[in-house]
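Trainee: Could you walk me through this one? I'm new to it.
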Amino acid sequence: MNGAELLVSAMENEGVQQIFGVPGEENLDVVEALRGSTIKLVVTRHEQAAAFMAATHGRLRGRPGICLSTLGPGALNLTTGAAYALLGAMPMIMITGQKGILSRKQARFQVVDMVSTMTPLTKMAHQIVSPATIPAIVREAFRVAQQERPGPVHLELPEDIAAEAAPPIAPVPSHPIDPPVAPRAALDRAAELVLKAKRPLVMLGAAASRPHLADALSNFVKRLQIPFFNTQMGKGSVAGGSGLYMGTAALSERDYVHWAIDRADLIIAIGHDTVEKPPFIMGPDGPIVLHVGYLPATVEEVYFPEAELVGDVGPSLELLADRLEGRLPKAGALLELRGEILARIADRADESRYPLTPQRIVHDVRQVIPENGIVCLDNGMFKIWFARNYRTRVANTLLLDNALATMGAGLPSAIMAAMLYPTRRVLAVCGDGGFMMNSQELETAVRLGLDLVVLILQDNAYGMIRWKQAAEGYPDFGMTFGNPDFVRYAAAYGAKGGRVETADGLAPALEAGFAGGGVHLISVPVDYSENMRVLVDELRAHAAKDGKQT
Ligand SMILES: Cc1ncc(C[n+]2csc(CCOP(=O)(O)OP(=O)(O)O)c2C)c(N)n1
Ligand SMILES: [Mg+2]
């Protein structure tokens, strides 16, 4: 065996099924080892997309996705994906090549110190210096990537170590690890706080969306009947139909969901990760926060919990519910606000205007996506509208990035979702700016034979920044651009393309795209004047009426 074969066999042992990336000559031994393995090599058209795909694998499965690149330029292209996985808490392993370390036949050609570059972007960054260490290092890399708080790991395999002969060494077997449950004293303290609350509210944060947590969270709110809201990345973490959903905090303040938040005297924040844009701003007079998480809270100016329940979230909440069930007569105190909050959010959702309003786009997408269908958002103005208005009933069915909030991840994350769930409908929603940052991956999607619809919201602008520019009183300047003809662009990739030409044309176009199979690109013109009308003017007017400072 050589180093590359040891690496590949260790990854087979971890159950890896595919590796995404763009190899370089320094990876050729790894590529050769992959050829004889059960692991599929999926080449992408940019390393950044490979990292977004691998991270999304980790996000959806809880097991690291793997990406591969060459040294220097290729490895540097993984860095945005590394940050995406680090901030988003997605398990991922990046394998990069390097020139030989025992001799330097090409001097410093293409050599970048990637371990140092990756150190602040990962949980662990490590150069492999001998084949014998590979089985243990790979096991450790998977353990570190996967355990709470999950994230990326970088392994650099220099080409001479990859080629070096080594005796066969058995991979290190993995075993299940059960994280500790919150201790009794913390459970008692937490129970006391909840018993005292007159207007409690549950908040579901990013870590609430970890795969396999949905049942535990659904049981918790069902048993206690405390209404809940979620952060953007906590959407769908309680199964639909509870009747307790109060909204999503897509903005940090003044939205309708903040009516409930501002009136709560206790917020049970489950899995909140302060990488997310604050779902509400804690102040000296704000509600008391009970933090429930795998890890202790990180304290910020806007988040400083009063008490914490730290441990395996599902079992800890079960023990908390055991102490509280049937003892909370005021659990539903804030529920009376629910009807009006949800009605306000749904306002004008079916308005027939062309170009389409963001509300109408969200509404029509919901019509054609079944409960278990997956919508993957790129980053732009529409993300706020989807987070706020799109109702989710199943965990991880609205994948958005409210952590690094990078443009360009919408299409790659949808490709990964479509690979993992070939029988579900998968839709990527991208702005015309973000789509063009990784649009080359249309070729990957077509090559893989995926069923995937990509919706492009066309405003010929970096709309979100244009909106912020206007909201802050700056003149309209510098945010517009031209676009390719998206229908012909799709055709050039061997995908199908369509343009929505009427207010009522979106739902049928999406439906036809899904029914037809294969990769479809649909562009829809969007009227972003709603951003100012609703998200600024209307909310300010209501906040003023509600006695809040504007
Ligand atoms: C990689 C990256 N570059 C820049 C930004 C800053 N940014 C956030 S949203 C946005 C505009 C997005 O434009 P588009 O994709 O067309 O979506 P729209 O807001 O127009 O719907 C920009 C430039 C970012 N988040 N990520
Ligand atoms: Mg745009």
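Here is a short chat about strands, a metal site and a sheet.

Mentor: This is a predicted model, where local features need pLDDT of at least 70, side-chain atom pairs count only at pLDDT 80 or more, and totals for chains, interfaces and linings use all residues. Residues are numbered from 1 along each chain as its sequence is written, chains are lettered from A and ligands numbered from 1 in the order in which they are written, and side-chain values use heavy atoms, with hydrogens and water left out.

Trainee: Okay! Why is strand β11 largely enclosed?

Mentor: Because 5 of its 6 residues, 288-293, are buried (under 20% relative accessible area; exposed is over 50%, partly exposed in between; 1.4 Å probe, protein chains only). Strands here are DSSP runs (E, at least two residues), numbered from the N terminus, and helices are H or I runs of at least four.

Trainee: Which strands does β11 pair with?

Mentor: β10 (residues 266-270), parallel, through 5 bridges, and β12 (residues 307-310), also parallel, over 4 bridges. Pairing takes at least two DSSP bridges.

Trainee: New topic: what coordinates the magnesium ion (ligand 2)?

Mentor: Asp432 (OD), Asp459 (OD) and Ala461 (O) do, at 2.1 to 2.2 Å. Donors are N, O and S atoms within 2.8 Å of the metal (3.2 Å for Na, K and Ca), and water is not among the atoms, so sites may look incomplete.

Trainee: Are aspartate 459 and alanine 461 buried or exposed?

Mentor: Both aspartate 459 and alanine 461 are buried.

Trainee: And what is the strand order in the open sheet?

Mentor: The 6 strands run β14-β13-β15-β16-β18-β17, with parallel pairing. β14 (398-399) and β17 (496-499) each have a single partner strand, so one side of each lacks a neighbour in the sheet.
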